[in-house]
Amino acid sequence: MKEDILLAEEAEPPSPQLLHQVSGQTLYNLPFFAENPQTAAFRKQFYPKISTAQWNDWRWQLRNRITQASQLERIIRLSDDERAAILGERGLPLSITPYYASLLDARDPAQPIRRTVVPTCGEHLRSPGEQQDPLGEESHSPVPGLVHRYPDRVLFLVTDFCSNYCRYCTRSRLVGKTCQQRFNMTQWKKAIAYIAATPAIRDVLLSGGDPLTLPDDKLEWLLSQLRQIPHVEMVRIGTKVPVVLPQRITPDLVAMLRRFHPLWMSIHFTHPAELTPETTQALERLADAGIPLGSQTVLLAGINDSVPTMTALYQGLVRRRVKPYYLYQCDPILGSAHFRTPVARGLEIYQGLRGHTTGYAVPTYVIDAPGGGGKIPLLPETVMGRDGSDLLLKNYEGRIFRYPDVIPAAGPACN
Ligand code: SF4
């Protein structure tokens, strides 16, 4: 009898629809998100008339973004510095999804994730070396919205819109400043034509703004156009949506994305406080769809610049099938001095990770070289010198080891 059941089950594996019906066993196909207790309490207090279905609708989250001081003040107690920054001359526009706002500490302006989305007057200060476009993207742009800096890959900026505006955004010159001239179908077609006419391009990174804030049909159109170009081997999407708007990662979106493999995703994480049940569920859906997930994190003073914080973030990501990919030194955009750390701090953190935790949890620490030099990896000094032909290497405990290096022969090996 038992065998009959097994055979019957094997003959007809459970369909996604069936998985839907046996809720509780899997989160993959559920239309809603498991709400973390803090967010549930927040919704009850500030959005009491909003149903679970509305809260889990990413379009509702976008329509109800917090963009004004008066809206933010209803939710958190603004410090004098924050209030002056929002109401005075503004560097970046303000935008926070209700979901992400639910994670903010209402009373503590120094809370790490609050600092990433609530402006302070530090943004109005200008320091030596800061620039509006520190990476020189505009000067490597063959057509509007496309950056072609490396030989075999391009950065395709498809929108200037993000659901949340990060205070340290490298593209603050674009994000939130709606300029329909740049981000429309005409511009997309020109960028796609350039990619199609350039056989060296095998890798396209969709970014912005945040590509996952586009509706499914527009994203599908973009991906299908790129997939029709034979020399485009892979497409990547750079996004913060799974972190700030996890409700966007719907079963329909995931079903569409998986049709365009090999499709990779680089997700912008900042702090372990972002690893909520909602974000975990979004990552689970993406990973189950076979999308390789990587994380990109900007090193930010007083926010994530400590070994315990980074260890918690990276180990948490690996548990969720996300490979920490890059740790970025913060770009010198205008008004960024209060976010930037010395490079030595980043190297200390790197040393505090390397060898102390699994290698998969250690990203590459890079500086995106100002002026368009591309990413340059930063490594702590591990090569201590030579003793004869031996290379002297320092490990993570500070102990010295010898590696018998190969010295090239003086003449040809064979005559
Ligand atoms: S998600 Fe990225 S592009 Fe959008 S505001 Fe943040 S840093 Fe800028």
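Of the contacts in the protein between residues at least 6 apart in sequence, 77% join residues at least 24 apart, two residues being in contact if their C-beta atoms, placed from the backbone, lie within 7 Å. The model is predicted, with local features requiring pLDDT of at least 70 and side-chain atom pairs counted only at pLDDT 80 or more, while totals for chains, interfaces and linings use all residues. Residues are numbered from 1 along each chain as its sequence is written. The mean pLDDT, the predictor's confidence in each residue from 0 to 100, is 87, and 88% of residues reach 70 or more. Over residues 1-29, however, the pLDDT is below 50, and this stretch has 14 contacts in the model beyond near neighbours in sequence.

The secondary structure comprises 16 helices and 12 strands, which are DSSP runs (helices H or I, at least four residues; strands E, at least two) numbered from the N terminus. An open sheet of mixed pairing is formed by 9 strands in the order β1-β2-β3-β4-β5-β6-β7-β8-β9, where two strands pair if DSSP finds at least two bridges between them. Because β1 (146-150) and β9 (374-377) stand at the edges with a single partner strand each, one side of each is left without a neighbour in the sheet.

Within this sheet, strand β7 (residues 322-329) pairs with strand β8 (residues 364-369) in the parallel sense over 3 bridges, and Tyr 326 stands opposite Thr 364 in β8.

The ligand is surrounded by residues including Cys 162, Cys 166, Cys 169, Lys 240 and His 268, each shell residue having its C-beta atom, placed from the backbone, within 6 Å of the ligand.
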